[in-house]
Amino acid sequence: MEENMDESQSQKGCKECCERCVGSLPWASLIATILLYMGVALFCGCGHEALSGTVTILQNYFEVIRAPGETLDVFTIIDILKYIIYGLAAGFFVFGVLLLVEGFFTTGAIRDLYGEFKISACGRCLTAFLMFLAYLFFLVWLGVTAFTSLPVFMYFNVWSMCQNTSLVEGANLCLDLRQFGAVTISEERKVCTGSEKFFKMCESNELDLTFHLFVCTLAGAGAAVIAMVHFLMALAANWGYLKDASRIQKYEDIKSKEEQELHDIHSTRSKERLNAYT
């Protein structure tokens with residue numbers, strides 16, 4: 001009997017420990033962090049490869065040559081975009097860790113509110129600052145999503161031209177890079193539908209792969225936007241909980257002081273009455 005009781009108590013203790021661990025996890029921040037990392041990884045990885053595929057298409061089919069020196073051309077812009085992708089990957093990895101740590105801290109603070117834990121003003125200021133950053137990065141990712149939709153639209157037009165050229169006989173359409181701002185007005189870099197380069201570009205895997213990579217990049221940017229909205233909701237809720245918890249803690253402190261004062265007054269009067277009788 002004693003062994004069965006010990007086993008049941010140990011199982012009950014493990015169950016309570018697991019429930020305590022699961023209950024202490026900041027699920028909202030955890031889900032938002034996973035979504036943010038997935039979106040940033042998809043955006044950075046697919047965006048990097050899509051830019052490399054764009055360079056290959058420009059060099060092989062449009063015969064665009066990299067300008068000598070430090071001239072700002074389309075290849076230099078693509079290299080700058082790649083460095084921006086590297087910075088986004090590193091920066092949002094750190095930002096996701098900070099938000100996740102803040103979620104763990106806030107969850108622990110709210111759980112221990114009715115104990116001896118007191119919420120500091122520094123914690124509320126940190127949550128408010130992270131909420132401001134999340135809102136700022138939300139606007140940034142909105143702009144990134146809008147910017148990423150431009151190459152998706154351009155590649156969709158090229159891809160649709162390749163798909164529909166065989167259906168329309170005698171069509172004479174040209175892709176001129178001057179229309180997209182990839183080259184200067186004086187340069188003429190275009191590929192027409194009846195040329196051999198156009199058919200080679202359409203039959204190659206580079207165009208199809210680059211187009212779908214840009215679509216995945218756009219999906220990653222959209223996932224990052226959703227993660228920022230999720231973080232904003234979690235941070236706003238945490239800040240409200242911390243503010244209410246601080247007010248409750250102040251109320252309990254005032255109440256305990258008043259009870260202590262009443263207890264001191266009653267004890268003083270009792271002593272005076274005893275002294276009066278004696």
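**Ground rules.** I number residues from 1 along each chain as its sequence is written, and I leave hydrogens and water out, since side-chain values use heavy atoms. As the model is predicted, local features need pLDDT of at least 70 and side-chain atom pairs count only at pLDDT 80 or more, while totals for chains, interfaces and linings use all residues.

**Confidence.** I looked up pLDDT (the predictor's confidence in each residue, from 0 to 100) and found a mean of 78 for the protein, with 73% of its residues reaching 70 or more. Taking helices as DSSP runs (H or I, at least four residues), numbered from the N terminus, I see the lowest confidence in helix 1 (residues 2-23), at a mean of 53, and the highest in helix 2 (residues 27-60), at 91.

**Salt bridges.** I looked for a side-chain nitrogen of Lys or Arg within 4 Å of a carboxyl oxygen of Asp or Glu, and the structure holds 3 such bridges. One joins the side chains of Glu63 and Lys197 at 2.2 Å, N to O; this pair links distant parts of the chain, with Glu63 in the loop between helix 2 and helix 3 and Lys197 in helix 5 (residues 196-203), 134 residues apart. I classed exposure by relative accessible area (buried under 20%, exposed over 50%, partly exposed in between; 1.4 Å probe, protein chains only), and Glu63 is partly exposed at 45%, as is Lys197 at 32%.

Arg66 and Asp79 meet in another salt bridge, at 3.2 Å, N to O, which ties the loop between helix 2 and helix 3, where Arg66 lies, to Asp79 in helix 3, 13 residues apart. Arg66 is partly exposed at 42%, and Asp79 is partly exposed at 27%.

Lys200 pairs with Glu196, their closest N and O atoms being 3.3 Å apart, and both lie in helix 5, 4 residues apart, about one turn of the helix. Lys200 is partly exposed at 45%, whereas Glu196 counts as exposed at 56%.

**Surface patch.** I noted that Phe93, Val94, Val97, Leu98 and Val101 form a nonpolar surface patch with about 450 Å² of accessible area together. Patch members have over 30% relative accessible area and no salt bridge, with like charges joined within 9 Å and nonpolar side chains (Val, Leu, Ile, Met, Phe, Trp, Tyr) within 5 Å; areas come from the Shrake-Rupley method with a 1.4 Å probe, and for residues only the protein chains shown count as cover. Leu98 is found in helix 3 (residues 74-111) and is partly exposed at 47%.

Note on methods:
Helix = DSSP H or I, 4+ residues; strand = E, 2+ residues; numbered from the N terminus.
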